[in-house]
Amino acid sequence: MPSRLEAPSARYGEKAISGLLALCAILSVAITTAIVISLLSPTIDFFQDVSITDFLFGTDFTPLFNPPSFGVVPIVVGTLSVTFWGLLTAIPIGLGAAIYLSEYASRRVRRIVKPTLEVLAGVPTVAFGFFALATITPVLQDIWPGFLGDGPRIFNVLAAGLAMGIMIVPIIASISEDAMSAVPHGLREGAYALGATKMRVALRVVVPAALSGIVASFVLAASRAIGETMIVLIAAGNTPNLTLNPTESIQAMTAFIGTTATGDVATGTVEYNTIFAVGSLLFVMTLVMNMISIRLVRKYREVYE
Amino acid sequence: MSPSRPPRSFTAQRTEIAASGAAAATAATLEQRPGADVLKGRAFKAALLLGLALALGGLVWLIVDALIEGGGRLSLGLIFDEGSANPEKAGLWSALLGSIYLIVGVIALVVPLGVGAAIYLEEYANKERWWNRLIELNIQNLAGVPSIVYGILGLAFIVRGPLDLGFILFAGSMTLALLVLPTVIIAAREAIRAVPSSIREGSLALGATRWQTVRRQILPASIPGIVTGVILAVSRAIGETAPLLLVGATVFVTFEPSFFDDKGYTALPVQIFQWVQRPQDEFRVLAAAGIIVLLGLLLAMNSFAIWLRNRYEQRW
Amino acid sequence: MTDELRRREQDPGHDGVVDPVAREGVPIHIEGRATDASKTQARRAQEVVFDVRGVTVSYAGVPAVRDIAFDVRAREITALIGPSGCGKSTMIRCLNRMNDLIPGATVEGEILYNGENLYGPRVDPVQVRKLIGMVFQKPNPFPKSIYDNIAFGPRVIGMKGDMDGVVERALKRAALWEEVKDRLKENAYRLSGGQQQRLCIARCLAVEPDVILMDEPCSALDPIATARIEDLMLELKDRYSIVIVTHNMQQAARVSDMTAVLMPEVRDGDQTIGHIVEYADTGKIFTNPDNKRTEEYVTGRVG
């Protein structure tokens, strides 16, 4: 007599479904693999023709000229310049907002402001680019003090950087605020009980305690800025220019990729492969930064939760 | 630093932070100058408020600026006219349709794949196994990859390369779907995780199989959260420009799009981008108006998502 | 002992349940009770539903309970008692293979269900759970209507036929029908705690199991609701075999026929491992236990 404890049928349906679902999850791994392959293969081809040192350390980036030059330093510096001005704007503002929301604001204010910030963070980057070109640049040009030299050109690093800064403020504010909220109240209360002022508690107790989360927010914001295309494409310029002067125009890595990939470059040529080489560099930079940021977030979560 | 010491425990770290805070507070109390302290405190608070104001203000300025520039150009004509080289007659119709078609494609791809992956990771996978943790880490990393890299992926894999679909609208959908898939997976996982395990246990204890439990208990309870996550992911996809530029969204299209034709297609942000690049003032106004339309669309979608979540959220 | 207690409890002068082991250190004495020997003889004639032999349960290699051995007989209530954390829940969850859901949980030893190895290679846990139902400590109704809560089980196991009838029967057997019959479409969360627990019992009954496992079913409920559930248990005993885990020993004394006492042993610092110090007729456990630790526990000196 068959046991009542055995399954009445082989339950193939269950197995099929669990297999199908696993497939969906594996797809995510497949995507990463696809990204790496799609970047890797032309990049390898590229480095058959161009040496790595020329690429990474050369200061002349004219891949479409004749003769071409593939030194990537100008566009990397261009990206990092814009990122620098962006962080310079966003860190004080974002951190200030975060400290206010975490330590000073009433619950009602927090409940309204935090989601608002996050919704505003969804503004498309093409709007930021437009804002930088159409509004920030003219304002900068108008108020530029004479003693600093020539004012900003039509395309310039500073306007793009400022717009970038506004864009990444919500990232810094939100994640820093999360990190500060995770600090247990006991730590604050102990300091208050000793007579510390709110400012001291915020700066000497809460911020150090949440430091790994705060730094994670900076790293994440920087990574976002580095990978951002439309703002730099619209407002920072499209000609490689190795300079630290924020009033000049530059070309960022992402802008280079965007312009060249939509232009008339024959596939398979070394000029075409430059797109993938620069793309690989971009991918690696942001990947490293993201992994650092994930580690830091995990660290503060572990300590406090 | 001696290498033989064990790593600091978390309690030790917290104690250290608390101790340094207490030390700072004590030192401050001892050197207290009440008047100066109050002033410093007020100045500090003012600085923080300024930060908050600037954070919100910068974004508000952007929106207001777009409204001022482009508000006058808003009209039904703007929505329903086709693109044109003449700024007086140009409209958003092809771009809007293109965006809508793109989004339909994105949803069709991202919902089954994203929710399926989330169900697998939450309900079926053994979380201790290394390959499952690899998948999780992978998804977190994918969420941070720059959008233009997804464009490169689309160009190399979908438009050309193995899939070789050409510059068709569906390739754009696929590229955008890959871009937002990690977000959908993460949001769906949160929604599924929010269902308490007591429900799962109750269902399994009655003799339901795992899939029956997922289909009849977990999914119905987590659908509001999943739908909210999908809408938010989709609203991000609508605003993306860079990947579309790489996979064939051309900038001058005057006809209605279709999924698989390679006559070309465009999308709302791409159209705005094209207008931004023109130097003439009329195009600048058009660009601003287009931005208003795009922001309005996004606001509507986000509000809908929030309303949905508030209306159907299950409080456990 | 239990028959005698029930007669005392139904004294209308009391508003609740009489507590036989009410005062610390005073064991109860019941007159006119059948002696241990004759009861044991009567019991041997009843069929064994669960035969647990030498079971050790470990989580990730760390044992939680060891060398567990006891029987569960048909149409009796068997109680597992002991202080918190000694592994009673772990043990009862082995009986319907709910421990399978915890990754890293291993079960050594043998559990025979009607003579068959519950952990045999061809045994399907889903089938096991249809035959051996479970009620949990905190009532866990589904976020559905009362009707759909009860109907869920029969639907997923493929029972055909008159669903309305099934629902009504289950609710009647769980002593909940009168209270909800006019509001079957209401959301189950609107019921009180005690009603929700009876709903969970009804839900369990609807799939017609042989055995009902109850993991501290009353610990989240007030005394009145607790009393109703205990009465329900005694009614259900006619048709189902019941295993109940409880940290309330008076409850075990009130309702159960056989009692197994689990006690923790201390190993390496904070680790404790549970094992059975005594397993016998409930009357014996509470009046004349063999094991000293049992006596200390039931008289409240340790606990």
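This note sets out points on the fold, the chain contact and selected residues of a predicted model.

1. Chain A: secondary structure and extent. Chain A contains twelve helices and two strands. Along the sequence these elements follow the order α-α-β-β-α-α-α-α-α-α-α-α-α-α. Chain A is more spread out than a compact globule, because its radius of gyration is 25 Å, well over the 19 Å that the globule rule gives for 305 residues. Along the principal axes, the C-alpha atoms of chain A fill a box of roughly 85 × 70 × 35 Å.

2. Chain A: burial and contacts. Of the 305 residues in chain A, 53% are buried. Among the contacts in chain A with a separation of 6 or more, 73% are between residues 24 or more positions apart.

3. Chain A: a cis peptide bond. The bond from Asn66(A) to Pro67(A) is cis, and its omega is near 5 degrees. Most peptide bonds are trans. Pro67(A) is placed in the loop that runs between strand S1 (61-62) and strand S2 (69-70) of chain A.

4. Chain B: secondary structure and extent. Chain B has twelve helices and zero strands, and its pattern along the sequence is accordingly written α-α-α-α-α-α-α-α-α-α-α-α. The radius of gyration of chain B is 26 Å, whereas a compact globule of 316 residues would have a value near 20 Å. The box filled by the C-alpha atoms of chain B, taken along the principal axes, is roughly 75 × 70 × 45 Å.

5. Chain B: burial and contacts. Buried residues account for 47% of the 316 residues in chain B.

6. The contact between chains A and B. On the chain B side, 82 residues are in contact with 80 residues of chain A. Helix H2 (residues 34-70) of chain B gives the most to this side, with 20 residues. By residue class, the side of chain B that touches chain A divides into 53 nonpolar, 20 polar and nine charged residues.

7. Chain B: Asp164(B). Although Asp164(B) is not a glycine, its phi is positive, at about 50 degrees. Most residues other than glycine have a negative phi. Asp164(B) sits in the loop between helix H6 (147-159) and helix H7 (169-193) of chain B. Asp164(B) counts as exposed because it has 10 C-beta neighbours inside 10 Å, where the cut-off for an exposed residue is 12 or fewer.

8. Chain B: Pro220(B). This proline is located in helix H9 (residues 210-239) of chain B. Pro220(B) counts as partly exposed, with 15 C-beta neighbours inside 10 Å. The C-alpha atoms of Pro220(B) and Ile192(B) are 9.8 Å apart in space, while the two residues are 28 residues apart in sequence.

9. Chain C: Glu216(C). Glu216(C) also has a positive phi of about 50 degrees and is not a glycine. Its place is in the loop between strand S7 (211-215) and helix H9 (223-236) of chain C. Glu216(C) is buried, since 21 other C-beta atoms lie within 10 Å; the cut-off for a buried residue is 20 or more.

10. Chain C: burial of strand S8. Strand S8 (residues 241-246) of chain C is mostly covered, with six of its six residues buried. Ser241(C), Val243(C) and Val245(C) point one way from S8(C), while Ile242(C), Ile244(C) and Thr246(C) point the other way. The residues on both sides are all buried.

11. Chain C: pairing of strand S8. Strand S3 (residues 77-81) of chain C pairs with S8(C) in the parallel sense over five bridges. Within this pairing, Ile77(C) has Ile242(C) as its bridge partner in S8(C). S7(C) and S8(C) likewise pair in the parallel sense, over five bridges. Here Ile212(C) stands opposite Ile242(C) in S8(C). The chain passes from S7(C) through H9(C) to S8(C), and this β-α-β crossover is right-handed.

Conventions: Residues are numbered from 1 along each chain as its sequence is written. Chains are lettered from A and ligands numbered from 1 in the order in which they are written. This is a predicted model: local features need pLDDT of at least 70, side-chain atom pairs count only at pLDDT 80 or more; totals for chains, interfaces and linings use all residues. Helices (H or I, at least four residues) and strands (E, at least two) are DSSP runs, numbered from the N terminus. The radius of gyration is taken over C-alpha atoms; the globule rule is 2.2 Å times the number of residues to the power 0.38. Two residues are in contact if their C-beta atoms, placed from the backbone, lie within 7 Å. Ala, Val, Leu, Ile, Met, Phe, Trp, Tyr, Cys and Pro count as nonpolar, Asp, Glu, Lys and Arg as charged, and the others, Gly among them, as polar. Two strands pair if DSSP finds at least two bridges between them. A crossover is right-handed if, with the strands pointing away from the viewer, the path from the first strand over the helix to the second runs clockwise.
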